[in-house]
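My notes follow in the order I looked things up.

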Amino acid sequence: MITMTPATRAETDKPAAPLPLKRRAGFAFNHVFLLGYCAVLLSGFVIHFTEWEHPCPLCVVQRMAMMLCAMGPAYVIARSRVGQVVRSDVMTGFGMALVGAVAGLVMSARQVLLHIMPPDPGVGSTLLGLHLYTWGLVTFVVVFAGCGFYLLVSDELVPGPVRYGWVSRAALWLFALVILANAVVVFFEEGVHWFLPDNPVTYRLVH
Amino acid sequence: METVIFLMILGAFAVMLRARRRLYVIGAWAACLVVTMMLFEYHVTSSLNLRF
């Protein structure tokens with residue numbers, strides 16, 4: 001049996017030293033990354049349901065690449081549930097993000113190049129003058145830049161013993177819901193066929 | 001197939017939350033990446049009419 005002397009009690013009651021700001025910033029970066037991609041994927045739904053533009057197959061594969069990219073920061077956040085987030089966790093997460101970004105960049109570059117020759121007006125509506133697939137390409141380039149800067153100073157930014165709080169839980173739940181919502185919407189578009197048509201204009205499940 | 005792949009990605013995310021071994025996480029994620037690239041290849045039906 002362990003007896004608590006006043007000295008040991010004082011030691012236990014002492015609050016844990018706060019985590020350095022850099023480590024908290026490193027953990028926060030992963031949340032911003034994940035929530036940023038959730039916002040991009042949700043904005044696709046906004047365009048879909050306000051302009052009634054059904055996403056084409058190339059848009060859908062770019063959404064998949066965005067999810068594969070966002071799995072990187074999601075992995076880093078998820079590791080904080082079971083203990084310290086160490087350097088190898090961060091490397092694995094950012095490896096996933098970078099490879100996912102390469103895949104997404106290939107896909108969005110292909111779609112940009114399909115419509116690059118004048119007088120091709122492009123496909124679908126624009127946001128701030130750019131088509132959505134061009135915004136997709138921009139997001140993948142931003143991932144490269146963000147991951148590059150993070151890795152430059154990753155020694156200081158490895159989160160370590162961070163707390164898995166409600167923000168982390170909410171971010172992971174939101175990401176899961178975004179993936180599920182995409183599955184449901186694409187199922188309505190695809191119906192009981194194996195693949196989406198090249199130019200989807202209706203919900204084949206109900207038509 | 002698109003629906004199946006989204007569900008695969010959701011499954012890989014669940015593996016990420018549950019699995020203790022990194023290899024399982026990377027394996028599930030890599031499987032999703034491969035099928036996504038195969039789907040992309042399926043939907044690329046023509047070559048680009050461009051000269052570089």
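Axes here are lines fitted to C-alpha atoms, for helices over the stretch in contact, with angles running from 0 to 180 degrees between N-to-C directions. The crossing of H3(A) and H2(B) is left-handed, a word used if the near helix is turned anticlockwise from the far one by less than a right angle, right-handed being clockwise.

I then listed who makes this contact (C-beta atoms, placed from the backbone, within 7 Å). From H3(A) I noted residues including A:Pro57, A:Leu58, A:Val61 and A:Tyr75. From H2(B) I noted, among them, B:Val25, B:Trp29, B:Phe40 and B:His43. By class, the contact of H3(A) with H2(B) has 14 nonpolar, 2 polar and no charged residues. For the classes, Ala, Val, Leu, Ile, Met, Phe, Trp, Tyr, Cys and Pro count as nonpolar, Asp, Glu, Lys and Arg as charged, and the others, Gly among them, as polar.

The model is predicted: local features need pLDDT of at least 70, side-chain atom pairs count only at pLDDT 80 or more, and totals for chains, interfaces and linings use all residues. Residues are numbered from 1 along each chain as its sequence is written, and chains are lettered from A and ligands numbered from 1 in the order in which they are written.

Next I took the whole contact between the chains. It takes 31 residues from chain A and 27 residues from chain B. Which element gives the most to the side of chain A that touches chain B? H3(A) does, with 12 residues. H3, helix H4 (87–114) and helix H7 (166–190) of chain A each supply at least two residues of that side. I sorted the residues of this side of chain A into 27 nonpolar, 2 polar and 2 charged.

I followed H3 (residues 57–79) within chain A. Its axis and that of helix H5 (residues 132–152) of chain A come within 11 Å and cross at roughly 20°. That makes H3(A) roughly parallel to H5(A). The crossing of H3(A) and H5(A) is left-handed. Residues of H3(A) including A:Cys59 and A:Met66 meet residues of H5(A) including A:Tyr133 and A:Val143.

Then I looked at chain A overall. I found 7 helices and 2 strands, in DSSP runs (helices H or I, at least four residues; strands E, at least two) numbered from the N terminus. The C-alpha trace of chain A spans about 80 × 40 × 30 Å along its principal axes.

The peptide bond from A:Pro118 to A:Pro119 is cis, with omega near 5°, and A:Pro119 sits in the loop between H4 and strand E1 (126–127). A:Trp52 has a positive phi of about 55° although it is not a glycine, and A:Trp52 lies in the loop between helix H2 (21–51) and H3 of chain A.

The C-alpha atoms of chain B fill a box of roughly 50 × 25 × 10 Å along the principal axes.

Notes:
Parallel < 35°, antiparallel > 145°, perpendicular 65-115°, else oblique. Contact = placed C-beta atoms within 7 Å.
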